[in-house]
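Q: Hey, can you walk me through this one? I've got a few quick questions.

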Amino acid sequence: MSYNPEIPRTRYDNYGDREWTRLTKDGPGELLYQVHLDILQRYTKPTDTVLEIGAGSGRYTKDLVTMCSELTVADLSSHQIEFNQSKMQELSLADRIKAYHVLDVLDMSVFEDASFDTVVCIGGVINYLLDKETDGIRELLRVLKPDGILILGSMSFIGASMYYLDGIRYEKDQFGIEATKWIMNTGIQDEEHYPVPSKHYVHMMRSAELDALFAQFPVNILERSSAGLYTQAGDAALANARGDQEFWKLIVEQEIAFTKLPGTLDCGMNLIYVVRKL
Ligand SMILES: C[S@@+](CC[C@H](N)C(=O)[O-])C[C@H]1O[C@@H](n2cnc3c(N)ncnc32)[C@H](O)[C@@H]1O
């Protein structure tokens with residue numbers, strides 16, 4: 001199956017405020033948020049010009065805008081961009097955003113080559129690109145200055161397959177064992193092999209695939225992280241943990257530490273790569 005921008009566009013144009021609440025409403029969301037935030041804080045400098053692409057409703061926009069000197073915000077979905085703008089207005093941060101753009105990561109021709117010190121593309125844009133993943137990385141690196149930093153987030157197949165095991169078992173009854181083998185082998189949920197009714201067609205990735213993707217480009221990988229590792233404890237245990245403030249604080253600290261270990265890299269819900277353009 002080839003990339004079809006209508007799939008993510010339709011999904012996120014009809015998403016209401018779910019994108020805004022996704023990272024705060026429960027333990028799994030908060031773990032993702034805290035791990036990403038820690039990475040953004042460690043790699044963004046006050047003098048940086050930053051592009052946030054696939055920004056969605058602005059959960060990270062509101063943080064990024066306070067960390068850098070100039071933030072440009074872009075997304076494929078006009079609804080997400082409007083939502084992001086109104087949230088930033090509500091938070092009195094709108095004046096600090098340089099510009100908003102509705103665009104596809106595959107065509108960022110509104111930006112010159114080497115425009116930004118940092119490009120942030122987290123929350124799964126790469127997973128929708130399917131046969132265009134390499135083109136997406138090329139375009140992200142094109143707009144980055146030499147020595148600039150790309151922070152790329154992806155859904156993690158291995159971690160997701162553990163967390164959603166029961167769902168995959170259920171879908172085996174609908175699509176058959178060959179389809180189940182397909183998704184296990186490739187992480188690709190597509191119309192041809194794994195036709196989920198939601199039409200949420202994505203390539204959930206393994207770290208080896210991200211390594212192979214970046215190996216095609218002149219970059220240094222500075223950091224590999226998982227995110228949403230403790231999510232594997234299950235919803236009930238996580239809700240319980242989150243109900244105990246001092247315990248939850250400790251778990252968030254452990255999450256941030258454990259997600260940096262090579263042995264846990266593929267076991268979270270997301271993968272995050274930080275690369276320097278050479
Ligand atoms: C799950 S949301 C993530 C939002 C935010 N980055 C976060 O992590 O909370 C994915 C966002 O990526 C956007 N998106 C998907 N494909 C895209 C593409 N090809 N180019 C630009 N944005 C895209 C969607 O419209 C959506 O707003």
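Q: What classes of residue make up the shell around the ligand?
A: This is a predicted model, and in it the shell has twelve nonpolar residues, six polar ones and four charged ones.

Q: And which of the 22 residues around the ligand come nearest?
A: Those are Tyr12, Gly54, Gly56, Leu76 and Gly123.

Q: OK, what about the sheet? In what order do the strands go?
A: The order is β3-β2-β1-β4-β5-β9-β8. That's seven strands in an open sheet, with mixed pairing.

Q: Which ones are the edge strands?
A: β3 (97-102) and β8 (219-227), since each of them pairs on one side only. From one strand to the next, the twist averages 15 degrees.

Q: How many bridges join β5 to β9?
A: Seven, and the two strands run antiparallel. On β9, Val274 is the residue that stands opposite Ile151.

Q: Which strands does helix α6 lie across?
A: α6 (residues 133-142) lies across β4, β5 and β9, at about 140 degrees to β5. Helix α5 (residues 78-90) lies across β2 and β3, running at about 160 degrees to β3.

Q: Last one: which residues does the UniProt domain annotation cover?
A: The unreviewed UniProt entry gives "domain: Methyltransferase type" for residues 51-152. Over that stretch the chain is 29% helix and 29% strand, and the end C-alpha atoms are 12 Å apart.

Conventions:
Residues numbered from 1 in each chain as written. Predicted model: local features only at pLDDT ≥ 70, side-chain atom pairs only at ≥ 80, totals over all residues. Near = placed C-beta within 6 Å. Nonpolar A, V, L, I, M, F, W, Y, C, P; charged D, E, K, R; others polar. UniProt positions renumbered as here; feature names shortened; annotations may be inferred. Helix = DSSP H or I, 4+ residues; strand = E, 2+ residues; numbered from the N terminus. Pairing = 2+ DSSP bridges. Axes fitted to C-alpha atoms, helices over the stretch in contact; angles between N-to-C directions. Contact = placed C-beta atoms within 7 Å.
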